Amino acid sequence: KPSPSDELVCPITLELPFDPVTAEDGRVYERSAILKHFDAKKRGRKSERKLPIKSPVTNEPIGCRLFDAVQTKNLIRILIDSGNIDDELADNWKEKECKKMELEKLMKDAEAGDKDATYELGSLYQHGERGLSKDQTLAHKWYQKSADHGNIVGMGIAGGQLMRGIGVKQDHGYGVSLVSMAAGEGHDLSCFELGLCFNRGMYGLPINKSQAIHWLKKGFSDDCRYKNASAPEKDRSLLLLQTLQPNSESIQSNSEANSEFDSESDAVSDAVSEFDAVSDAVSESESDLEAND
């Protein structure tokens, strides 16, 4: 039996479009889906890029202009509210609407300075999730705001971006300072960052194997309350620690074990003070060191 939704479903996603647009072939699509179709063509083989983009429905050449299908979206909403759309299609559309409202609330909270909302928004821009396009500049902006409001994980990530010049102008001194503070507060990824930097003598820090071992151990210890290092980052750090100190206590891969390491508060305070002093010296230096991460 024909359904009112038959002519409204996006030919690509096979769902009701939440952000409907009309393409030059006269068909209505989900905006993100048709843009992905266009982009795939542009990124195809060199020989294929010279060929015209074709409609997903008619297979005839079409241009890339899109037009907002406002009336289509209004019609979809009316049909859903009146119960004239299949339950599964309607439920999926409503779920997208809820996610949009949640994202709008998150953005509002971030603008108001909520430390967790600013961090989450930075993560969404960094990974291109929940309908947001990847944007490293915006990712750093919100990570930095989260750091300014006291989010330790955001502080460590913002510092790493500054050290490498990702989404922001490279600033070794300030980046190392933020990473050092986050590591001192117990952020595992920042501890691993410092361990790597001290091992190689990166971003203005001197080669110091004992400090490298100290921070790598701290990253795996229970002293780190803020854990967001990925499995590959943990494995790499574990391999480095075992290379630097082959006779040290064994640590299970992926940090699943809770091995005890020496992390006395006096040693941590001294180390952080040392990093602050180095950061000040780096910020005054005019040398542009290359990142070897």
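Leaving aside its neighbours within four places in sequence, which residues is Ala147 in contact with? The answer is Gly154 and Met155, where contact means heavy atoms within 4.5 Å. That's one detail from a predicted model, in which local features need pLDDT of at least 70, side-chain atom pairs count only at pLDDT 80 or more, and totals for chains, interfaces and linings use all residues. Residues are numbered from 1 along each chain as its sequence is written, and side-chain values use heavy atoms, with hydrogens and water left out.

**The overall picture**

- Of its 293 residues, 41% count as buried. Buried means under 20% relative accessible area, exposed means over 50%, and partly exposed is in between, using a 1.4 Å probe and protein chains only.
- Take the contacts with a separation of 6 or more, and 55% of them come from residues 24 or more positions apart.

- The 3 strands of an open sheet sit in the order 2-1-3, and the pairing is antiparallel. Two strands pair if DSSP finds at least two bridges between them.
- Strand 2 (28-30) and strand 3 (67-68) are the edge strands, each pairing on one side only.
- Strand 1 (residues 20-22) is joined to strand 2 by 3 bridges, and the two run antiparallel.
- Pro20 has Glu30 as its bridge partner in strand 2.
- Helix 1 packs on this sheet and touches strand 1, strand 2 and strand 3. Its direction makes about 90° with that of strand 2; axes are lines fitted to C-alpha atoms, for helices over the stretch in contact, and angles run from 0 to 180 degrees between N-to-C directions.

**The largest pocket**

- A pocket here is an open set of points on a 1 Å grid over the protein atoms alone, where a 1.4 Å probe fits, with protein on both sides within 12 Å along at least five of seven lines; lining residues have an atom within 4 Å of a point.
- The largest pocket has a volume of about 800 Å³. Grid points are joined across faces, edges and corners, and the volume is the space filled by probe spheres set on the points.
- It's lined by 18 residues, and the closest to its centre are Glu30, Ser32, Arg130, Gly131 and Leu132.
- Helix 1 (31-42) and helix 4 (87-111) are the elements that give two or more residues to this lining, and helix 4 supplies the largest share, 6 residues.
- By type, the lining of the largest pocket splits into 5 nonpolar, 4 polar and 9 charged residues. Ala, Val, Leu, Ile, Met, Phe, Trp, Tyr, Cys and Pro count as nonpolar, Asp, Glu, Lys and Arg as charged, and the others, Gly among them, as polar.

**The second largest pocket**

- Next comes a pocket with a volume of about 360 Å³.
- Of the 17 residues lining the second largest pocket, Gln126, Ile157, Leu189, Glu193 and Glu233 are the closest to its centre.
- Two or more lining residues come from each of helix 5 (115-127), helix 6 (136-148), helix 7 (152-164), helix 9 (188-200) and helix 11 (231-244).
- Helix 7 gives the most to this lining, with 5 residues.
- The second largest pocket's lining divides into 4 nonpolar, 8 polar and 5 charged residues.

**Positive phi values**

- Most residues other than glycine have a negative phi.
- Leu14, in the segment before strand 1, has a positive phi of about 60° although it is not a glycine. Leu14 is exposed, with a relative accessible area of 60%.
- Tyr203 also has a positive phi, near 55°, and lies in the loop between helix 9 and helix 10 (209-220). Tyr203 is buried, at 3% relative accessible area.

- Ala147 is found in helix 6 and is buried, with a relative accessible area of 9%. Its C-alpha atom is separated by 8.8 Å from that of Thr118, 29 residues apart along the chain.
- Ser237, in helix 11, counts as buried at 4% relative accessibility. Not counting residues up to four places away in sequence, Ser237 touches Phe192, Leu216 and Phe220.
- Gly165 is in the loop between helix 7 and helix 8 (172-184) and is partly exposed, with a relative accessible area of 32%. The C-alpha atoms of Gly165 and Gly175, 10 residues apart along the chain, are separated by 9.3 Å.

Definitions and conventions
Helices (H or I, at least four residues) and strands (E, at least two) are DSSP runs, numbered from the N terminus.
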